[in-house]
Amino acid sequence: PPQQKNFHVILACPQEMDCTILSNVLVGLFEPPDAYMSFMEDSSQLQVRHRGSLVSIESSVVTMTNDMNLLAMYKTMKPKFDEVYFVAPVKGEACEYENVMCVDNEALVYSNSDGMEEVV
């Protein structure tokens, strides 16, 4: 049988932006039920906090960070995983990389049921 590859998804969210909806979507897609988002406190050391405790980055599939230096993070993380993917609510040069998905964060926000249907 083919060997299963291991991967990690980083939600790179600028400090000033609220990425709650995007984080909930990613956790819902990739983590087990009732999971919580892990947060990378120090990307150079891969120091991750999950529910108040420091944990190994391998203990989850999705991790959020405010560090927007995606290339440096990729170089640090790549030895631990077969692939590292980034989701970022930004526009710009980083969006041109094959492993980066840029999302319009505002498009995920709605204020009434009509807006909710558009998002879904």
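Me: What should I know before I start?
Reply: Residues are numbered from 1 along each chain as its sequence is written, and side-chain values use heavy atoms, with hydrogens and water left out. Because the model is predicted, local features need pLDDT of at least 70 and side-chain atom pairs count only at pLDDT 80 or more, while totals for chains, interfaces and linings use all residues.

Me: In what order do the seven strands form the open sheet?
Reply: Strands of a sheet pair through backbone hydrogen bonds, either parallel or antiparallel. Here strands are DSSP runs of E, at least two residues, numbered from the N terminus, and two of them pair if DSSP finds at least two bridges between them. The order is β4-β3-β2-β5-β1-β6-β7, with mixed pairing. β4 (53–55) and β7 (100–102) stand at the edges with a single partner strand each, so one side of each has no neighbour in the sheet.

Me: How many bridges join β3 to β4?
Reply: Three, and the two strands run antiparallel. H50 stands opposite S53 in β4.

Me: How many disulfides does a search of the whole structure find?
Reply: A disulfide is a covalent bond between the sulfur atoms of two cysteines; the cut-off here is sulfur atoms within 2.5 Å. The search finds two. C13 and C19 form one, with sulfur atoms 2.0 Å apart, and C95 is joined to C102.

Me: Are C13 and C19 buried or exposed?
Reply: Both are buried (under 20% relative accessible area; exposed is over 50%, partly exposed in between, with a 1.4 Å probe and protein chains only). C95, at 26%, counts as partly exposed, and C102 is partly exposed at 28%.

Technical notes:
Helix = DSSP H or I, 4+ residues; strand = E, 2+ residues; numbered from the N terminus.
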